[in-house]
Amino acid sequence: MKIFFFVLLAFFLCHSLTFASSLTWPKANNPYQTDQYPEYEKRIQELVEQMTLEQKVGQMTQVELNSITPQEVRDFHIGSIFVSGGGLLNKNRKATMEQWVHTADQYWKASITAVKNLPAIPISFAVDAVHGHNKLFGQVIYPHNIGLGASQNTQLVHDIAKATAEAMLDSGMDQTFAPSLSVTQNILWGRTYESYSQDPELVSLLGKSAVLGYQGSIHTPLGNGRVAATAKHFLGDGGTEAGIDRGENTSTEEELMAIHGKPYIAAIEAGVLWIMASHNSWQGQRLHGHQYLLTTILKNQLGFVGAITGDWNSHAQINGCTKTHCPEAINAGMDMLMVPYGWQDFIHNTVEDVKQGRISESRINDAVSRILRAKFYSGLMEAPKPSKRFSTGVSQSEIQQNNKALARKAVRESLVLLKHDKETLPIHPEKKILVVGELANNIGAQTGGWTLGWQGDDLTNADFPHGTSILKAIQSEAKNVEYSTHGSFHSQPDIAIVVYGERPYAEWLGDRRHLAFELESSHHAKILEQLQAKGIPTVSILLSGRPLWLNRELNASNAFIAAWLPGTEASGISDLLIATPQGQPRYNFTGKLPFDWPQAPVQSKPEAQAHNVSSLFNFGYGLNYSSTAKDWKTLPTDTLLKDIESIFNVDILTDKISSPWILRASENKKNDVQLVNNRIQLDSLTADLKSNNSQAKLQVHWHGTQKAKIHLDNLNAYTNYQDIFLHDGAIVIEGKILGPANKKVLFEMGCRGVEYCNRFADINVSKVFKKRKKNEHFSLSVSLHCFEKNKIDTRHIGRAFGLETSGKLSLEITDIRVQSQPKSVDFTCR
Ligand code: BGC
């Protein structure tokens, strides 16, 4: 009895330490108070009572368009379909608005065709319309959020969201996975450009405007030419360690609330109907399974009455869950899960969970009520078929002209002038202008990720029939323009405009380990310097998803403009660059930095704060024509590769196995077992991690009874080793032979967990382990080139290595690291 009491006491103490905090999160002033809509609430309750368990679980499932037919939507009572970043309609990137709306009609019709006498509930159709209706061919693409953050213009953000909603409705879609409310703290993060700013206040203001733009201010958006918004990603996505996508946020709860939580209060107050849970974890727990943040805080404390929706298979990252089975997520408070494919198994398993009591019926009813509420309040329940929902009565060509003007204005307001030697700008239209750089004539680079495709990295100008490149924009304002990709010219120009920057990326593929631009090639810095040496003033236009460290380019520019990812309407750039015939500016610069600009290549906000390093330019900085010109002090450019060497060398085994790597083992490709209490014990393999303060030793014994493998996996996030790969990197393992190998030993490498890459490759490394003496030192190094050679993308490594043998082998491993340019490499794969 006594023991029971102590166990209970310990449980409550732990529980209260983890979940009950002294912090009070505010209550948001939600315009959707359920008691003000008694009629809807009554209908919701009636529907829930009439629905079968299978139907309810179907409503809680969101499936990718290409893995479900209209008939299946009806048969399985699916709640929502969405088109993924890379998803196409009929395998055609150029699918027309008519084709989209026709498809939407079919799915909608199926959803409202009752099965037996069950209630039929219209399906929602979602898309990542994050900078305009970017999935639809021929649309106007607006600046990514980072540029809108620079504009600080709430009305502009509202108007863009409204125009996007209208375009979506015209193509049959009614829910956008936007706005992103990420408050990015570390600009190494690949999703920095989806974030308005590092400043929670600015993100709150612009996020709220976006929600109002998408949804309108009253409760039937669809009836008013608006769509349902989805604020994402809740919570702390912009605050992960080292800016790793889907990584770990270690903030205190105070920081979490003040920095990342704030914009959600604003979005709830604007009436947002959906909130998407995030891929990241907070203090070790994945958000999709975080009951405290999802239920206690978001629903109960902040008062969110809409539905929490999942992100791409993210529930599978919760301990014990798979893509098709995860009662933990639903119990934690997830109302709908994004199960892009394999959804039949998910529905089956979830229904079983309820039948077996692993999920309560009341939780299911609450989830479905919230989904129905989002559908009622958005007007979806009463809306006619998609093709009949909305029309502005204005022709598509007129809509396009209006949207082009809106986007052009947005581009103008998003440009931030970082440097300006007197009288460089604006450029008189009669001057001879040299436009330099491949990106000057590359609309895909202007639009960035989440454009037509997911990464947006394979687009050509032909994909934007109505878009304007920077080159074309300049040519239409000035008469005497010469274009060259590398800076050569036929006759000496009066001025050169040099365009360069990052290539498109999305999500973790854009994660960086440093911010230095063209660190080794300095290609554009050299072009700028050569032009200046010939007496030609230079104007730099940087296309990028984040601030970058490019002191050399800044020094060699007479004017420098951060243009972010401006979208299809580059005329907004020439508006500011080219003067009137009288030589006057046509517009002034108004953009202000939404993020601090780094002083050093490895500087990002958290590190800068920790080491008290000031920025080169602070948040809010931005010059205009009336700024008092200060003399430019030449910036230091002597950062050599060795100064940032540490980022090209990563220790995995030191005094412990460093995060995110987890040691696991398996036999005969089965039974993945994880290191627990520093031990793995299988029939055919034992592993022990022994550590003193500074050095860990990993002893692994293969007993030779059957094939067994140890492997080092990253289960939660994707590790991007591309830059180390580009620096001739290798995986290096060192230690002592305790007993040599008597059979073949295979080294395995791979990327896993991602649909886009789920491959492993083997290399025979027996020579390192066979015929060796006891206690002899061994070193095994395998070039990262071997990954790429085996079609394994080093941008998302999921398994740093595996060692497998069916024979005997005993090792004491004392060092595992990823190292650039090691002295010698055993396996080069060249
Ligand atoms: C992203 C979300 C996006 C979803 C659907 C996920 O991988 O994290 O932001 O809405 O995919 O495309």
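Is the crossing of H7 and H14 left-handed or right-handed? The points below take up that question first and then move on to other features of the model, which is a predicted one.

1. The crossing of H7 and H14 is left-handed. Helix H7, covering residues 154–170, packs against helix H14, covering residues 396–414, at an angle of about 150°, and their axes are 11 Å apart. Because angles over 145 degrees count as roughly antiparallel, H7 is described as roughly antiparallel to H14.

2. On the H7 side, this contact is made by Leu156, Asp159, Ile160, Ala163 and Asp170, while H14 contributes Gln396, Ile399, Asn403, Leu406, Lys409, Ala410 and Glu413. Sorted by class, the contact of H7 with H14 has six nonpolar, two polar and four charged residues.

3. The crossing of H8 and H9 is right-handed.

4. Pro200, Glu201, Val203, Ser204, Lys208 and Val211 of H8 make this contact together with Ala258, Ile259, Lys262, Pro263, Ala266, Ala267 and Glu269 of H9. The residues of the contact of H8 with H9 comprise eight nonpolar, one polar and four charged.

5. Turning to the ligand, there are 14 residues around it, and those that come nearest are Asp128, Arg191, Lys232, His233 and Asp311. The side chain of Lys232 has an N or O atom 2.9 Å from an oxygen atom of the ligand. A polar side-chain atom of Glu507 likewise lies 2.9 Å from a ligand oxygen atom, and for His279 the distance from a polar side-chain atom to an oxygen atom of the ligand is 3.4 Å.

6. Two of the residues named in the previous point, Lys232 and His233, are joined by a cis peptide bond with omega of about -5°, and both are listed among the residues that come nearest to the ligand. His233 is placed in strand S5, residues 228–234.

7. A cis peptide bond also joins Ala178 and Pro179, where omega is about 5°. Pro179 is situated in the loop between strand S4 (175–176) and H8, the helix that makes the contact with H9 described above.

8. Asn677 sits in the loop between strand S20 (670–674) and strand S21 (679–681).

Conventions: Residues are numbered from 1 along each chain as its sequence is written. This is a predicted model: local features need pLDDT of at least 70, side-chain atom pairs count only at pLDDT 80 or more; totals for chains, interfaces and linings use all residues. Side-chain values use heavy atoms; hydrogens and water are left out. A crossing is left-handed if the near helix is turned anticlockwise from the far one by less than a right angle, and right-handed if clockwise. Helices (H or I, at least four residues) and strands (E, at least two) are DSSP runs, numbered from the N terminus. Contact means heavy atoms within 4.5 Å. Ala, Val, Leu, Ile, Met, Phe, Trp, Tyr, Cys and Pro count as nonpolar, Asp, Glu, Lys and Arg as charged, and the others, Gly among them, as polar. A residue is near a molecule or strand if one of its heavy atoms lies within 4 Å of it. A polar contact is a pair of N or O atoms within 3.5 Å; within protein, one must be able to donate a hydrogen and the other to accept it, and residues adjacent in sequence count only if both atoms are side-chain atoms. Axes are lines fitted to C-alpha atoms, for helices over the stretch in contact, and angles run from 0 to 180 degrees between N-to-C directions. Angles under 35 degrees count as roughly parallel, over 145 as roughly antiparallel, 65 to 115 as roughly perpendicular and the rest as oblique.
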